Amino acid sequence: MNGNEATKGSAGAPARSGGAEFRYDAALAAQIEARWQRHWAENGTFFSPNPAGSMAQGFERVAGLPAMYVLDMFAYPSGIGLHVGHPLGYLATDVFARYQRMNGRHVLHAYGYDAFGLPAEQFAIDTGQHPAVTTAANIAIMRDQLRRLGLGHDTRREFATSDPRYYRWTQWIFGRIFSSWCDERTGRARPVADLVAEYESGARPTPDGRPWASLTDAERRGIIDGKRLAYLSDEPVNWCPALGTVLANEEVTAQGRSDVGNHPVYRRRMRQWMLRITAFAGRLADDLDLVDWPESIKRMQRHWIGEPAAPRMRDWLFSRQRYWGEPFPIVYDADGLPVLLPDDMLPIVLPDMAHFRPVPATDAGSDPVPPLGRAPGWSTVELDLGSGPRVYQRELNTMPQWAGSCWYYLRYLDPANDEALVDPETERYWMARGGVDLYVGGAEHAVLHLLYARFWHKVLFDLGYVSSPEPFARLVNQGYVLADAFTDERGSYVPAADVDIARDGSASYQGRPVTRRAGKMGKSLKNGVSPDEIYQTYGADTLRVYEMGMGPLDADRPWRPEDITGAHRFLQRFWRAIVSEQTGMAVVSDQEPDRVTKELLHATITAVGSDYGDLKFNTAIARLTELISAAARITARDGALPRSIAEPVVLMVAPLAPHIAEELWQRLGHADTLAWETFPRADPELTAVRSVELPVQVNGRTRFVLTTHPGADGADIERALRARPEFATLTGGRCIERIVIVPDRIVNLVLR
């Protein structure tokens with residue numbers, strides 16, 4: 001992008017009233033945003049090279065920088081795309097990542113899609129399409145919406161959990177879990193080969209005391225299978241006949257019905273795959289001390305785990321009688337015992353099925369018929385697993401949707417690696433500081449996703465595949481965006497966008513009265529607002545500033561469309577302070593700003609940098625608003641803004657509103673992106689507090705103010721106090737009982 005392209009590119013903007021052809025509005029914002037998104041994509045601005053492997057090109061440029069891994073919780077690609085509540089966390093990580101990049105860190109920030117599972121399959125069933133088709137379409141919608149936000153992701157690392165190139169490694173991890181046991185002496189996972197060796201040597205007695213060599217092959221396999229971290233068991237499960245599948249506890253409502261479809265759910269025993277997470281209960285509880293997480297989340301995890309001696313937590317039910325999930329890398333031999341398929345047979349690809357809808361059962365006692373059981377040529381397979389060709393029965397269940405989201409943060413590190421889950425050098429580079437440096441997501445995943453991911457990670461850690469004992473070093477939960485929702489006379493939610501509001505505040509839908517309710521914005525309450533509406537009306541940078549300025553990141557906040565104009569005016573004022581609305585050219589000078597303005601600038605640099613690092617974006621915006629208002633007044637008064645003010649202001653705004661900041665940076669004469677520019681540094685001499693004003697009280701009432709230097713001691717303050725004429729006036733003819741001095745705070749005279 002050459003130095004004149006920005007100005008030329010904006011020349012086609014529609015004419016504005018009053019000759020303000022280059023006024024910052026939605027049309028100009030759209031041009032600027034599209035141009036810079038294209039520039040970032042074409043130039044790989046946010047590509048983060050690895051120290052080794054296929055993504056190592058360019059690593060020499062960042063080799064000396066400290067690494068930082070920033071991560072968003074996995075998103076399920078909904079058929080209706082994003083609503084404005086979704087970007088809250090994504091924007092927070094983007095602002096943080098951009099700020100850290102400008103502070104000299106090599107930042108990895110990637111994004112992908114949690115595409116397997118019951119919601120995706122049910123959406124496909126409801127729309128009469130194959131889940132592969134609907135998932136691809138939904139991902140395309142979300143990808144475009146995220147691109148429009150201007151997020152600085154390394155797009156080379158994107159994947160979906162439904163891609164065989166990804167779930168090959170999900171199956172591989174299951175194989176490692178299946179091939180491991182938990183040594184009760186250490187609480188750590190070890191290969192079952194070590195367990196067999198202990199039985200063979202006699203170091204570990206068999207359950208009935210007989211020598212290992214005297215046991216039949218079936219008896220030995222039974223003992224080993226009973227110790228595996230992945231095992232088969234007849235378990236009480238949540239059976240939903242209408243959906244034709246077993247549901248996890250979290251997929252069942254408090255009323256005992258399915259979360260999807262609101263169908264009856266019954267408890268019954270079925271043979272299921274289980275993961276022995278209870279064997280790690282003690283470590284899962286104790287190692288919470290290693291991570292920087294909200295205390296409320298730690299309490300919830302510890303409550304779920306229970307006491308290590310008798311854990312209220314149950315082993316993880318890992319089977320689903322559905323189509324759209326990862327096939328197990330398991331077959332059954334003639335004795336009905338499970339056999340793990342070798343790694344070179346992975347991935348076990350999900351067969352293409354036209355009729356994948358589960359067969360609804362008629363009653364609670366009926367048995368499930370997994371869809372894979374109806375796939376032609378799937379159930380039975382002839383394989384040579386080392387003993388010659390034999391016929392085996394495939395596992396017909398699939399894994400739950402939690403499987404793919406248990407380890408995705410590792411695959412982002414090395415997504416093109418076909419030889420290993422992740423290259424060891426690359427894994428250590430990004431994870432050895434204790435795991436992901438910043439993980440942001442909703443508190444609704446406080447227990448299950450985080451607990452399951454920690455369990456898988458600990459198994460991989462014990463087996464030597466990862467370098468950190470925990471996956472996520474720091475966790476932050478963003479709050480919810482709240483919005484009005486409406487229910488009809490049946491209590492069912494109706495589309496909030498189609499509700500009519502009368503002048504008296506009453507609401508109706510299709511001519512019938514509805515009841516207004518407040519709730520989390522989302523699909524279930526039918527009160528989502530698409531970000532596309534905001535892009536079209538104001539631009540993506542306005543949405544970014546509005547969402548980051550709504551309140552503290554971890555707090556819930558109401559969606560107030562009428563307040564978005566405030567964020568847009570903030571950006572318009574920012575634009576006018578630096579660019580002429582008549583010519584589109586930068587209006588800056590080499591004039592030295594006055595002392596007061598310089599002190600305001602450097603105080604803002606200090607405050608905004610601290611706020612960005614602490615994820616306090618709302619207070620950073622408040623400080624920037626004050627500075628930009630002052631800058632706009634200077635431009636209006638003098639016809640130009642000193643460059644020494646303009647450039648640091650642009651760099652400070654860049655993490656929040658990167659498109660407009662990039663545009664202004666170029667119009668200020670810079671040829672390249674500002675993404676790697678150094679964040680402004682405050683001059684200590686200009687941020688030092690030069691004086692302190694102490695209220696002087698007489699018998700509890702403030703009478704005047706005493707100005708001293710910071711850190712003045714009591715003796716200095718009393719000398720300055722007695723030198724003031726007000727002191728003599730107020731104390732004349734009265735007895736001074738005592739003088740109470742709190743340095744840098746207050747002075748109190750007690751008189752009688």
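**Salt bridges**

I started with Arg190, which forms a salt bridge with Asp194; the closest N and O atoms are 3.5 Å apart. My cut-off for a salt bridge is a side-chain nitrogen of Lys or Arg within 4 Å of a carboxyl oxygen of Asp or Glu.

This is a predicted model, so local features need pLDDT of at least 70 and side-chain atom pairs count only at pLDDT 80 or more, while totals for chains, interfaces and linings use all residues. Residues are numbered from 1 along each chain as its sequence is written, and side-chain values use heavy atoms, with hydrogens and water left out.

Arg190 counts as partly exposed because its relative accessibility is 24%. Asp194 is partly exposed because its relative accessible area is 28%.

I then looked at Lys458 and Asp287. Their side chains meet in a salt bridge at 2.6 Å, N to O. The pair links distant parts of the chain, 171 residues apart. Lys458 sits in helix α14 (residues 448–462), and Asp287 in the loop between α9 (281–286) and α10 (295–305). Helices (H or I, at least four residues) and strands (E, at least two) are DSSP runs, numbered from the N terminus. Both Lys458 and Asp287 are buried.

Arg322 and Glu121 are both buried.

**The sheet**

Next I traced an open sheet of four strands, in the order β6-β5-β7-β8, with antiparallel pairing. Its edge strands, β6 (245–247) and β8 (316–317), each pair on one side only. I count two strands as paired if DSSP finds at least two bridges between them.

How many bridges join β5 and β6? Strand β5 (residues 230–240) pairs with β6 over three bridges, in the antiparallel sense. Asn238 stands opposite Leu247 in β6.

Last, I checked helix α6 (residues 164–178). Helix α6 lies across β5 and β7 (266–275), running at about 90° to β7. Axes are lines fitted to C-alpha atoms, for helices over the stretch in contact (heavy atoms within 4.5 Å). Angles run from 0 to 180 degrees between N-to-C directions.

Terms used:
Buried < 20%, exposed > 50% of the residue type's maximum accessible area, 1.4 Å probe, protein only.
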